[in-house]
Amino acid sequence: MAELNPAPASATRRLPPLPDGLWRVMLGTTCVVLSFSLLNPVLAVRLQMSGASSTAIGLFATLPFVAVAALVPLVPRLFGRIGVGQAYRLGLLLELIACLGYLLTDDYRLWCALGLMAGLGAAAAWNATEALIAHNVPASHRGRLTGLYQALLGAAMAVGPMLPRLLGLDPQQANGVAAGGLTLGLILTLAPAVARLKAMHDDHEPMGLMAAWRFRPTLAWAAVVGGVFEVGLGSITTAYGSQIGLDLGRATSIAGALGLGSFALQYPIGWLADHLPPRRLFAAGAGLLVLSALAFVEAANHPTLLWVCAGLWGGVGGALYTLSMIRVAHDFADSSALAGTSAMIAGYTAGGALGPIVSGWVFDHHGVVGQGLWLAVLALSLLLMQLRPSAPGSATTG
């Protein structure tokens with residue numbers, strides 16, 4: 001399959017009109033990510049202060065992603081039964097209930113149950129948003145619009161963890177602000193226009209998740225690696241910062257650096273995806289992650305590297321996911337954008353689940369050196385896949 005060619009200048013000068021409901025969904029999901037990025041580091045610090053081990057913290061941070069990955073195969077059926085818009089709203093409601101639950105109890109087992117509930121809600125909302133963007137945005141602007149959307153999410157990821165320090169919030173107050181953000185997101189998407197949106201062609205047979213993975217396996221692996229680096233390291237790295245003596249504001253600002261990196265890179269990577277071959281972009285991102293992971297080995301001696309590496313992980317990890325979604329919009333245009341986005345989300349959430357639990361175990365047994373080395377090996381695996389000659393199903397084809 002040929003590489004994507006840039007669209008003519010006349011076709012790319014201005015963003016074409018998009019459905020009002022799509023903008024509402026994009027803004028609603030931005031509110032969700034803001035709340036998610038504020039809440040999770042605060043919960044990790046609460047657990048660390050209560051005496052929980054890094055492994056226990058990592059397990060808790062993993063559970064929402066486990067729930068997302070478990071529900072992803074069922075999402076097309078859910079969307080077909082109640083509609084994409086209704087499924088999206090139901091997902092936000094479940095996330096709001098879970099967020100309020102953390103205010104009512106400190107019991108670790110109940111927190112784990114709430115984490116699973118939040119993950120189920122996130123699966124519906126996340127799949128809906130990505131599939132709607134892939135299906136409704138014209139081919140000439142997929143890179144830039146997807147990059148713009150991911151930049152909004154990156155901004156939310158950057159601002160959320162900074163709020164405790166900026167506003168002087170204690171953990172309970174931060175939890176309340178997160179619940180407010182979820183409430184706003186739900187209100188934004190109650191408009192009838194959201195219920196009218198579609199995520200696939202009516203005359204196309206749905207593609208299964210396994211078929212989508214087999215169709216583009218290297219895209220799925222890029223999504224896994226992106227998930228580990230962008231969302232799988234924030235909580236455990238924040239807890240490590242608290243462990244070495246940082247206060248709540250400084251520790252959560254490490255997760256903020258992840259979000260800031262994601263925000264800074266998403267629109268540029270979307271623009272580049274409309275103009276450059278995907279192989280070059282995927283390989284460059286994997287190479288940067290290898291270097292940043294090796295640099296992290298020195299974080300114990302140079303704590304500033306916590307923020308530097310976090311910024312690179314958020315930016316490049318997010319870029320890998322964005323590139324995967326952009327390629328899905330092109331490669332699955334004649335089949336099912338919903339199947340393609342579900343496959344990438346499953347890979348990304350698998351990475352998000354793998355990141356904290358493996359990192360927690362590695363920190364407990366091998367310290368910061370082990371953490372840097374396992375991340376370097378992971379990024380190297382993607383780099384080597386991109387350096388192989390092109391093959392069917394590769395992320396390098398377009």
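Two salt bridges are present in this predicted model.

**Stop 1: Asp106 and Arg46**

Select Asp106 and Arg46 and show their side chains. The two residues form a salt bridge, and their closest N and O atoms are 2.5 Å apart. Colour the chain by residue number to see what this pair links: distant parts of the chain, 60 residues apart. Asp106 sits in the loop between α5 (84-104) and α6 (108-136), while Arg46 belongs to helix α2.

Which of the two partners is buried and which is exposed? Asp106 has a relative accessible area of 62%, over the 50% cut-off, and so is exposed. Arg46 has a relative accessible area of 13%, under the 20% cut-off, and is therefore buried.

**Stop 2: Asp107 and Arg109**

Next select Asp107 and Arg109. Their side chains meet in a salt bridge, with an N to O distance of 3.4 Å. With the surface still on, Asp107 counts as partly exposed, at 27% relative accessibility. Arg109 is exposed, and its relative accessible area is 66%.

**Stop 3**

To see the contact, select Pro41, Val42 and Val45 on α2, then Leu248, Thr252 and Ala255 on α13. Sorted by class, this contact has five nonpolar residues, one polar residue and no charged ones.

**Stop 4: helices α14 and α15**

Hide the previous pair and select residues 278-296, helix α14, together with residues 305-331, helix α15. The axes of α14 and α15 come within 9 Å and cross at roughly 160°. This angle makes α14 roughly antiparallel to α15. The crossing of α14 and α15 is left-handed.

Show side chains along the contact. On α14 the contact residues include Pro278, Leu281, Phe282, Leu288 and Phe296. On α15 they include Leu305, Cys309, Trp313, Leu320 and Arg327. How many residues of each class make up this contact? The contact of α14 with α15 has 16 nonpolar, four polar and one charged residues.

How values were computed
Residues numbered from 1 in each chain as written. Predicted model: local features only at pLDDT ≥ 70, side-chain atom pairs only at ≥ 80, totals over all residues. Heavy atoms only, no water. Contact = heavy atoms within 4.5 Å. Helix = DSSP H or I, 4+ residues; strand = E, 2+ residues; numbered from the N terminus. Nonpolar A, V, L, I, M, F, W, Y, C, P; charged D, E, K, R; others polar. Salt bridge = Lys/Arg side-chain N within 4 Å of Asp/Glu carboxyl O. Buried < 20%, exposed > 50% of the residue type's maximum accessible area, 1.4 Å probe, protein only. Axes fitted to C-alpha atoms, helices over the stretch in contact; angles between N-to-C directions. Parallel < 35°, antiparallel > 145°, perpendicular 65-115°, else oblique. Left-handed = near helix turned anticlockwise from the far one by under 90°.
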